[in-house]
Amino acid sequence: MSLLRPKQIDLPALITALNITQIARQAISVPPNSLLSYNSTTGVLDYQGYISSKTIYVDKDNSRATDIRTSISKYNQDFPFKTIQAAISAAANGDLILVLASTFTENLTLSGTNKVYVIEFQDVTLNGNITLTNDSNSSNILIWTHGAKLVGNIITNTGVVDAVIIGDGTNTMEGIISGANKPTRLLFQNFLKISSSNTFYTGGTTITTEPEVIFKDIKMMLFTGTNVFNYGNMKFDNCEIIQNTATSTHSIFSEGGISISANNCSFEAKGGKIFYGAVKFWFRNIRNCKFKSIDFTFDIQASSTTDK
């Protein structure tokens, strides 16, 4: 059994992926089984690595690939799984599931108790949804490398500890975050583009108990259609967010209450609004950000907690 650190899976950026120094200085409680640690002095979240006894391969284009074998020990790079879901179902806690280049049309379900899933998609296009149903003592890391692409939604039906969706800067996602429950912490890191024509995220109505939704190093978040974020405890670091709509009542932030932390970000509503509705906004630790819409343009260099 070996301790896998990010640099061992060809993603050096993962070493510092969760160093959100500017926007995470408020008190954070990290659950016991979290894959993250939090330093309350420096305000840094950090990835802890994970224990893996083996790597499970998925390579549907390999002529020897199959989902029917008598033993998981018989699956290796030469004899891989054919489908991602079969590999997920066979994986032990903390195994690395390595999905090799191809296009997959599958809906994936991550389930279990006290389960840690680590899946790396290498140059993969996944046409389908990823549903998280593992329990509140579980965590998930979904790693996207070499131009991997998700065309589908991430559905969170149970309050898992952490859901970390992280790329290498070449990756895209076309879909939304939905589901009845949200992870304690949801992180999107290092994507080239995230896009959707529907509401991307809807949180709960009580901000003080809302889980953190963190977007870090997203080169472009491009949304068309309706509102983007309804409710939620949102944190942004080094992101560009664009709402491109012809409807003036559509907005980036809407509904009943949203907490916003941001560092080095741009928010632009083309044809719509930044904020809309009977909303109370909490601005927390806004630094070096630009807000632009048909109604106004303003910059914030630094702010303390402010209610608007």
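Student: Is Glu-212 buried or exposed?
Tutor: In this predicted model, Glu-212 counts as buried, at 6% relative accessibility.

Student: Which residue does the side chain of Glu-212 meet in a salt bridge?
Tutor: Lys-235, with 3.7 Å from N to O. Glu-212 lies in strand β20 (residues 212-223) and Lys-235 in strand β21 (residues 229-244), so the pair ties together parts that are 23 residues apart in sequence.

Student: And Lys-235, what is its relative accessible area?
Tutor: Lys-235 has a relative accessible area of 1%, so Lys-235 is buried.

Student: Why would two such side chains pair at all?
Tutor: Side chains of opposite charge can pair when their charged atoms come close.

Student: How many salt bridges are there by this rule?
Tutor: The count is four. One of them joins Glu-174 and Lys-149, whose closest N and O atoms are 3.4 Å apart. Glu-174 belongs to strand β16 (residues 172-174) and Lys-149 to strand β13 (residues 149-151), so this pair ties together parts 25 residues apart in sequence.

Student: Glu-174 and Lys-149, how exposed are they?
Tutor: Glu-174 is partly exposed, with a relative accessible area of 36%. Lys-149 is partly exposed too, at 26%.

Student: Which residues are linked in a network of salt bridges?
Tutor: Lys-216, Asp-217 and Asp-237. Between Asp-217 and Lys-216, the closest N and O atoms are 3.9 Å apart. Lys-216 is buried, at 8% relative accessible area, whereas Asp-217 is partly exposed, at 22%.

Student: New topic. What is the strand order in the open sheet of four strands?
Tutor: The order is β8-β11-β14-β17, and the pairing is parallel. β8 (108-110) and β17 (177-178) stand at the edges with a single partner strand each, so one side of each has no neighbour in the sheet.

Student: How many bridges are there between β11 and β14?
Tutor: Three, linking residues 130-132 of β11 with residues 154-156 of β14 in the parallel sense. Among the residues involved, Ile-130 has Ile-154 in β14 as its bridge partner.

Student: Now the largest nonpolar core. Which residues touch the most other members?
Tutor: The core has 64 residues, and those with the most contacts to other members are Phe-121, Phe-188, Phe-200, Phe-215, Phe-229, Phe-236 and Phe-253.

Student: Take Phe-200. What does Phe-200 touch, leaving out residues up to four places away in sequence?
Tutor: Its contacts include Met-173, Ile-177, Phe-188, Phe-215, Asn-227 and Phe-229. Another core, of nine residues, lies apart from the largest one, and its members include Leu-96, Val-116, Val-118 and Ile-166.

Conventions. Residues are numbered from 1 along each chain as its sequence is written. This is a predicted model: local features need pLDDT of at least 70, side-chain atom pairs count only at pLDDT 80 or more; totals for chains, interfaces and linings use all residues. Side-chain values use heavy atoms; hydrogens and water are left out. Two strands pair if DSSP finds at least two bridges between them. Helices (H or I, at least four residues) and strands (E, at least two) are DSSP runs, numbered from the N terminus. A nonpolar core is a set of buried Ala, Val, Leu, Ile, Met, Phe, Trp, Tyr and Cys residues joined through side-chain atoms within 4.5 Å. Buried means under 20% relative accessible area, exposed over 50%, partly exposed in between (1.4 Å probe, protein chains only). Contact means heavy atoms within 4.5 Å.
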